[in-house]
Amino acid sequence: MICDPAILTEAGNAERISSSSSAPTLVAERKRTPGEPEAYFQTPRRKRARPNEQKNGPFGRPALTFLVLALPALWVGWLIYRFGVDTPWGDEWDSTRLLVEKMQAGTLGLGDFFAFHNEHRIFFPRVLTFALAKLTHWNVRAELLLIWILACVCSLNLWRVAQVTGWRNSRSRHWLLLGTNVLLFSPLQWENLLWGFQIGFFLPLATMTACLWVAPSLRRPFDFLATMFLCLISTFSIASGFASWFLTAPLLLLWNGKARGRGEKVWWLIWATVGVASVCFYFRGFVRPAAHPSPMVAIEHPLRAIQFVLAYLGNPFCSGTAFAQAAIAQIAGATLVIPLLVSVVYLWRCRRDRILLAHAVPWLSLTAIALVNGVLTAFGRLGFGMNAAIQSRYISFAILWPIGLLFLVPLILRHWHERSPFKVNHARVTMGLVSFVTALALLYLGATIQTLQYWRAFQHNRLTGKASLLFVDVLAEPEALVRYVHWSHWTLKAWAENLDRLGYLHPHLVRSNRVREIASDSDEAAMGGFNQLVRTPTGELTASGWAILLEGHRPADSVLLTYDNAEGEPIIFARVDVMQSRADVSAQLHDTTYERSGWMKSWKPEALPANARRISAWAFDAETCRAFPIGSATM
C-alpha cells in the first residue's frame with residue numbers, strides 16, 4: 001500500500017500531522033503564491049515548547065548549549081595538540097617533499113599536482129599541503145590544525161543539513177547534534193587526525209557533506225554551480241570522490257520543487273558534462289600500483305567482499321572487546337545495515353510522500369558515502385585480508401553511516417507512529433531501538449577508551465622516527481628509518497639533507513657525533529637510570545635502563561649511548577628505542593604514562609675503540625634536539 005502524503009488543501013491551509021512531534025513535522029505551512037516555487041516543506045508549526053527550552057535549548061543558555069555541542073571537537077582538538085608531532089612520515093615524503101624539491105629545481109608544474117598517488121589524484125590536498133609547507137616551512141602541525149578545521153566544517157555541514165531537513169524547531173535536535181559530534185569527532189580515527197597527509201580524507205568529507213545542504217538550499221542556477229565546484233574538489237581529492245556526482249544528482253532533482261527556468265535543461269547538461277569529463281580525466285592514464293592486490297579478488301570472492309564491506313561499516317564499534325575485531329566489526333556492520341534496509345523499504349512504500357522523501361534523501365546520501373567508500377575499499381584492499389577493513393583511517397568515512405541513521409531512523413519512526421493504529425507495536429519497536437542503540441553505544445565507548453592508548457603510541461613512534469632522522473648523518477640505522485620514517489631508506493638521507501638546507505626540517509639535522517653539542521645542563525627536564533652493563537655469553541655487551549622526559553610527560557624519544565674518547569669527550573655510537581616495559585618505574589612515579597620507559601642495547605666490543613672504557617646514556621628529546629645525561633658505567 002502506498003502512503004498518503006500530507007498535501008496542501010484547496011484553501012491553502014496545511015494538514016497538521018502532529019502538533020507535539022519531537023521529530024520534524026512533515027507538512028507545508030502555507031499556500032504557494034503565484035510565481036513562487038512550490039516547496040516540499042516549510043518550517044513546521046508545532047506545539048509551543050516551554051519558554052526557557054525554546055529560547056535556550058535543553059542545556060541551558062545558548063552559550064552553554066554551544067559549548068556542550070562543541071565539547072567533542074574541543075576534546076579531539078586538545079588530543080591533536082597534545083600528541084601531534086612536527087615530522088614528515090610515510091607518504092608525505094613522496095608527495096609534499098617531492099613538490100618542494102621540484103619547486104627548488106624550477107621544474108614544478110601543474111601536472112605534478114594532478115599526478116596519481118596510488119589510486120588517488122590528490123590535486124586539491126596537494127595544493128593545500130604545499131601552500132602550508134611554504135607558509136610554515138613544512139610545520140606538520142599546521143596540517144593537523146587544518147584537518148581539525150575540516151572536521152569542524154563537516155560538523156557545521158551536518159548541522160546545516162539538519163536545519164534544511166526540518167529539524168530546526170525540533171526539541172530533540174540538540175541531542176541529535178550532540179550525538180553527531182560525538183561520532184564525527186571520534187578519537188578512533190587517530191591515524192587520520194595525527195597524520196598531515198590525511199587532509200586528502202577530510203577535504204572530500206567536507207565537500208561531500210556540504211553538497212547535502214547546498215543542493216536543496218540554493219536557487220537555480222547557483223545550486224548547479226556550487227555543487228559542481230564541490231564535486232570537482234571531491235573528485236580530485238580521493239579515489240571515491242567521483243561518487244559525489246551520483247550522490248548529489250538526486251538532491252538537485254528532488255529538493256524543494258524548484259521552479260524550472262528556461263535554462264533548466266542547459267544547466268543539467270552543463271552539470272552532467274562537467275561531471276562525466278572530470279571522471280574521465282580522473283581515470284586517464286591510471287595504472288594499478290604494483291604493490292596493491294588486484295580488484296578482481298573482490299569479484300572472484302563476492303562473499304568475502306560482502307564481509308569486508310560489513311567489517312568496514314562496523315569498524316567504529318569493534319575494538320572495545322576481547323573478541324576478534326574483524327568478527328565484531330562484521331556483526332556490528334550487519335546490524336547497522338538492517339535499520340537502513342527497513343528505512344529504504346518504508347520510503348519506497350511511501351514514495352508518493354514527497355515531503356518525507358525530501359527530508360530523508362540527504363541522510364540516505366550520507367550513508368551512501370560510507371557505503372561507496374566501503375565497496376571501493378573492498379575492491380582495492382580485499383587482497384590484503386579482512387583486517388584491512390578495520391584500519392583506523394577508514395573510520396572517518398564509516399562513521400557517516402551511523403550518523404545518517406541517527407537522523408533517518410527517528411524520521412521514519414515518527415512518520416510510522418503517526419499512521420499506525422497499533423500502539424503496542426510502537427512500544428515494542430521503541431524498546432528494541434533503545435536496546436540496539438545502547439548496545440552500540442557501549443561498544444563505541446569501549447572502543448574509544450581502548451583507542452586512547454594508540455594516540456600515545458603513535459606519538460612515540462613518530463618521535464622515535466624523528467630522532468632516527470635527526471641522526472641520519474651520524475648513525476647508520478636503515479631498519480629504524482624503514483620502521484619509523486619511510487621505506488626508501490637508501491634515498492632518505494639525501495632527501496633529509498636537502499630539506500634541512502631549505503629549512504624544512506625542525507630542528508636541523510645533527511651534524512656531529514659529539515654529544516656535548518646537543519647536551520643540556522638542566523637536571524629537571526629528564527630522569528632515567530643506567531641499570532646495568534654486562535657481557536653476554538656470546539661476548540656481546542648489553543646495556544639497559546630507563547629514561548623519561550618530565551617536561552614532555554612521556555618516555556624519552558630515544559636514548560643515546562656514548563663512549564669517552566682519549567680526550568674524555570663523549571662520542572655518540574648508538575641510538576636506542578625506548579619501548580621496554582618498566583612497571584617498576586611507573587609504580588615508583590605513580591604514573592602509567594611511563595610504563596614503557598625502558599631501553600636495552602647490545603653491541604659487539606669491536607664496534608668501539610679499544611681504549612673505550614666509560615659508557616654513558618643520555619635521554620634524548622627529539623622536539624628540541626637536546627640530550628640529558630641519565631647515568632654511566634665502566635666496561
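In this predicted model, strand E4 is covered on both of its faces. Leu 541, Ala 543, Gly 545, Ala 547 and Leu 549 sit on one side, Thr 542, Ser 544, Trp 546 and Ile 548 sit on the other, and all of them are buried. With nine of its nine residues buried, E4 is largely enclosed by the rest of the structure. Buried here means under 20% relative accessible area.

What does E4 pair with? One partner is strand E3, residues 526-535, which runs antiparallel to E4 and is joined to it over nine bridges. Within this pair, Gly 529 stands opposite Trp 546 of E4. E3 and E4 form a hairpin with five residues between the strands, and in this hairpin Gly 539 takes a positive phi near 95°. Another partner is strand E8, residues 598-603, again antiparallel to E4, this time over six bridges. Here Ser 544 has Met 600 of E8 as its bridge partner.

E4 also pairs with strand E5, with two bridges joining the antiparallel strands. Leu 549, one of the buried residues of E4, stands opposite Arg 554 in E5. The hairpin of E4 and E5 has four residues between the strands, and His 553 takes a positive phi near 50° in it.

The loop between E4 (541-549) and E5 (554-555) is also where Glu 551 is found. Is Glu 551 buried or exposed? Its relative accessibility is 68%, so it counts as exposed, because the exposed class begins over 50%.

Met 296, Ile 299, Leu 371, Val 375 and Phe 379 make a nonpolar surface patch of about 400 Å². Two elements give two or more residues to this patch, namely helix H13 (296-300) and helix H16 (354-381). Which of them gives the largest share? That's H16, with three residues. Phe 379 has its place in H16, and with a relative accessible area of 34% it is partly exposed.

Definitions and conventions:
Residues are numbered from 1 along each chain as its sequence is written. This is a predicted model: local features need pLDDT of at least 70, side-chain atom pairs count only at pLDDT 80 or more; totals for chains, interfaces and linings use all residues. Side-chain values use heavy atoms; hydrogens and water are left out. Buried means under 20% relative accessible area, exposed over 50%, partly exposed in between (1.4 Å probe, protein chains only). Two strands pair if DSSP finds at least two bridges between them. Patches are made of residues with over 30% relative accessible area and no salt bridge: like charges are joined within 9 Å, nonpolar side chains (Val, Leu, Ile, Met, Phe, Trp, Tyr) within 5 Å. Accessible areas come from the Shrake-Rupley method with a 1.4 Å probe; for residues, only the protein chains shown count as cover. A salt bridge is a side-chain nitrogen of Lys or Arg within 4 Å of a carboxyl oxygen of Asp or Glu.
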